[in-house]
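Please read it beside the model.

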Amino acid sequence: WLISCNPLPPGNTRHILFIVSGAFNGLRDIIKKRMNKSRMGFGADVQSKKEEEDHFQFVTSKDFVEFGFEPEFIGRLPVHVVCQELSVDDLYEILNHSEGSIIKQYENSFRAYGIESLFSDAGLRCIAEKAYGEHTGARGLITVCERVLREFKYELPSSSVRQFVVTKDIIDNPIDELQKLLQEPGYNKKLVVQEQIRRYEVEFSGKYGIAIKFDADATGSITEQAMNNGVTPKQICDDILRSYEHGLNLIKKNTCQDEFILTQEVIENPDKVLERWIRDSYSQKSKG
């Protein structure tokens, strides 16, 4: 990102700060071309890797003019400040935690039609990666979301779908996945239940300070029960793990372990497995 500003414009705007900002995609190539020309020949300095990465720091008014701005306009913007380009992680954080997140806007937009949209973590990461490839900063998030979800906004309100998950597959192949959601109710229901299980894991970890994760077999078993018996994943998980809050905290106290993988055995015999884990934790404590 590049910002140009004029701290003291003349006239009645004397105390107003003007800021012109943007990604200026393509300006870097202009700067690079100019710098390479000035370094040709046997006496030229070898360009460092740092300089290669940060061409924006060498920008001049002439570069802006060649980029397309009028000289009179650029002449009124004498101060040039370079900001670091947003990384994939930065864009991912914006999606997750910014107050005006585009994700919240889409959730509200679908909710207005009685549809709950669940953005999976993998889906959010994929949005961030594709937005990074746009090279337009945070604006790329809007570009990607609109390109991916435009048809969903048109098609889902008139369908029977009332919940759906924005997965990585949807981000990569929106049209194909939309057709699956519309034509295969079981496919959509399975994705929704699996996302609800993932959110249960996050909620449990945040509430009790212990990270849990159902493995593939356990997730599949809970999904099958929820779909066949008409109950929510939360009801199933609460029933299975009703004793696990205190038991896992006890194990954590004995062994400092704070991450647990919950297998199919936990689903089938939760109390038996927990009792064994607690015995083993006391054994480890005595040996330590």
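Asp 172 is partly exposed, with a relative accessible area of 31%. The class names follow relative accessible area: buried means under 20%, exposed over 50%, and partly exposed in between, with a 1.4 Å probe and protein chains only. Asp 172 forms a salt bridge with Lys 168, and the closest N and O atoms are 2.8 Å apart. A salt bridge here is a side-chain nitrogen of Lys or Arg within 4 Å of a carboxyl oxygen of Asp or Glu. Lys 168 is also partly exposed, at 41% relative accessibility. Helices (H or I, at least four residues) and strands (E, at least two) are DSSP runs, numbered from the N terminus. Lys 130 joins Lys 168 and Asp 172 in a network of salt bridges.

This is a predicted model: local features need pLDDT of at least 70, side-chain atom pairs count only at pLDDT 80 or more, and totals for chains, interfaces and linings use all residues. Residues are numbered from 1 along each chain as its sequence is written, and side-chain values use heavy atoms, with hydrogens and water left out.

The whole structure holds 14 salt bridges. Three of them are tabulated here.

| Salt bridge | Closest N and O atoms |
|---|---|
| Arg 125 with Asp 89 | 2.7 Å |
| Asp 172 with Lys 168 | 2.8 Å |
| Glu 195 with Arg 199 | 2.9 Å |

Arg 125 lies in helix α7 and Asp 89 in helix α5, 36 residues apart, and the pair links distant parts of the chain. Arg 125 is partly exposed at 28%. Asp 89 is partly exposed too, at 47%.

Glu 195 and Arg 199 are four residues apart in helix α11, so they too are separated by about one helical turn. Glu 195 is buried, at 5% relative accessibility. Arg 199 is partly exposed, at 31%.

Buried residues of α11 include Asn 188, Leu 191, Tyr 200 and Phe 204. After α11 comes Gly 209, with a positive phi near 70°.

Next, the nonpolar cores. A nonpolar core is a set of buried Ala, Val, Leu, Ile, Met, Phe, Trp, Tyr and Cys residues joined through side-chain atoms within 4.5 Å. The largest has 28 residues; Leu 95, Ile 103, Phe 119, Ile 127, Phe 152, Leu 156 and Phe 164 touch the most other members. Elements that each supply at least two residues of this core include α5 (88-97), α7 (121-134) and β5 (163-166). Helix α8 gives the largest share, six residues. Apart from this core lies another, of 24 residues, among them Val 193, Ile 212, Leu 248 and Ile 278.

Which residues does Ile 127 contact, leaving aside its neighbours within four places in sequence? They are Leu 95, Ile 103, Phe 119, Leu 141, Val 144, Cys 145 and Ile 171. Contact means heavy atoms within 4.5 Å.

Cys 145 is buried, at 2% relative accessibility. Cys 256 is exposed, at 64%. A search of the whole structure finds zero disulfides, a disulfide being a pair of cysteine sulfur atoms within 2.5 Å.
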